[in-house]
Amino acid sequence: MISFECDYNNGAHPKVLDNLIKYNEARPTPYGFDEFSDRAKDRIREACGMPDAQIFFLTGGTQTNATTIDSMLYQYEGVICVETGHINVHEAGAVEFTEHKIITLPGDHGKMNPKVLDKYLDDFMHDGNNAHAVFPGLVYITFPTELGTIYSAKELDDIYQVCQHYEIPLYIDGARLGYGLMAEGNDITLPYLARHCDVFYIGGTKIGALCGEAVVFTNRQAHKHFFSIQKQHGAVIAKGALIGLQFEALFTDNLYFDLARHAIEMAMKMKRIFQKKEVEFYIDSPTNQQFVILPDALVEKLSKVMVFTHWGQAPGHHTICRFVTSWTTTKEDLDTLENILNDAQ
């Protein structure tokens, strides 16, 4: 079966696997305090243009979000995100399991509107009864969003200016960060993103690694006992070099960005295939997630040879489907998709 289901159901890039062989030949210090992790952190700092950034390695996205957000909030504080935000819809209440409320705001094509954010915070701060409410202690966005859309540099700057005005940190979920940075029309670079938030993470699981995410605190604002908080969350592995080795490979010779660029190229070819067949799009995405509306009969036919996500129902016996490309997607995969669409006409 051809898989367009997600971008994390494949193994690791050969260069990552080659680097992991070194782990079997060495005896690194445990818990991530090893030379491989140190080199990976240095390369990430260089790529971000942040020589003083604090970096921590965790294994997966949900674990990373819950741990990082919990470390940044007081007991009475919550985190603001849009209704379609990943922590609100796809993490089984992991953040709220840490007893921090998710405060949702309406989004615009998956994105947070800085004016809506500003109004919410202004209203909250001028509410004489806000001592009885959950305080907004953090703003959370994803890049790209859950719907595959991206922020412009100005939009990100506007959101960050609001956060700075109210002295609230901005956290960017970068599970698919590379796919956003390499997207067509994107005007945000990694250094720009690093300068316009207080913490973000670079997703490895979805881009070339077996597992692993790199949390980057840009303004040295990590909790002074962040490692202990990681331990509380079960987010520290004894064989920490396992993740450091992978990020060392990913941030050597632009591998991370090259893998992301390939997925975007495949996604844009897929997009043109759907456009050529006059398929209706649920949302216009410039990233590796493509959302289309297909007749149920076609969905059934495609499902016999490929896997993709049924995102929701649409009127008239149609289904909203998500097709995801990755660093392993091939031209032959797309040819098969196009041939089936041709046969269906």
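Author: Strand β3 (residues 77-82) and strand β5 (residues 135-142) run parallel and are joined by four bridges; strands pair here if DSSP finds at least two bridges between them. One of those links has I80 with V139 in β5 as its bridge partner. Strands (E, at least two residues) and helices (H or I, at least four) are DSSP runs, numbered from the N terminus.

A quick word on the source: this is a predicted model, where local features need pLDDT of at least 70, side-chain atom pairs count only at pLDDT 80 or more, and totals for chains, interfaces and linings use all residues. Residues are numbered from 1 along each chain as its sequence is written, and side-chain values use heavy atoms, leaving out hydrogens and water.

Now zoom out. The open sheet has seven strands in the order β2-β8-β7-β6-β5-β3-β4, with mixed pairing. At its edges sit β2 (54-58) and β4 (102-105), each pairing on one side only.

Next, the helix you came for: α11 (residues 241-250) packs on the sheet and touches β2, β7 and β8, contact being heavy atoms within 4.5 Å. Its direction makes about 115° with that of β2; axes are lines fitted to C-alpha atoms, for helices over the stretch in contact, and angles run from 0 to 180 degrees between N-to-C directions. Nine of the ten residues of α11 are buried, so this helix is largely enclosed by the rest of the structure. Buried means under 20% relative accessible area (1.4 Å probe, protein chains only). Among the buried ones are I243, L245 and F247, and their cover includes α1 (14-25), α2 (35-48) and α12 (255-276).

Note on methods:
Buried < 20%, exposed > 50% of the residue type's maximum accessible area, 1.4 Å probe, protein only.
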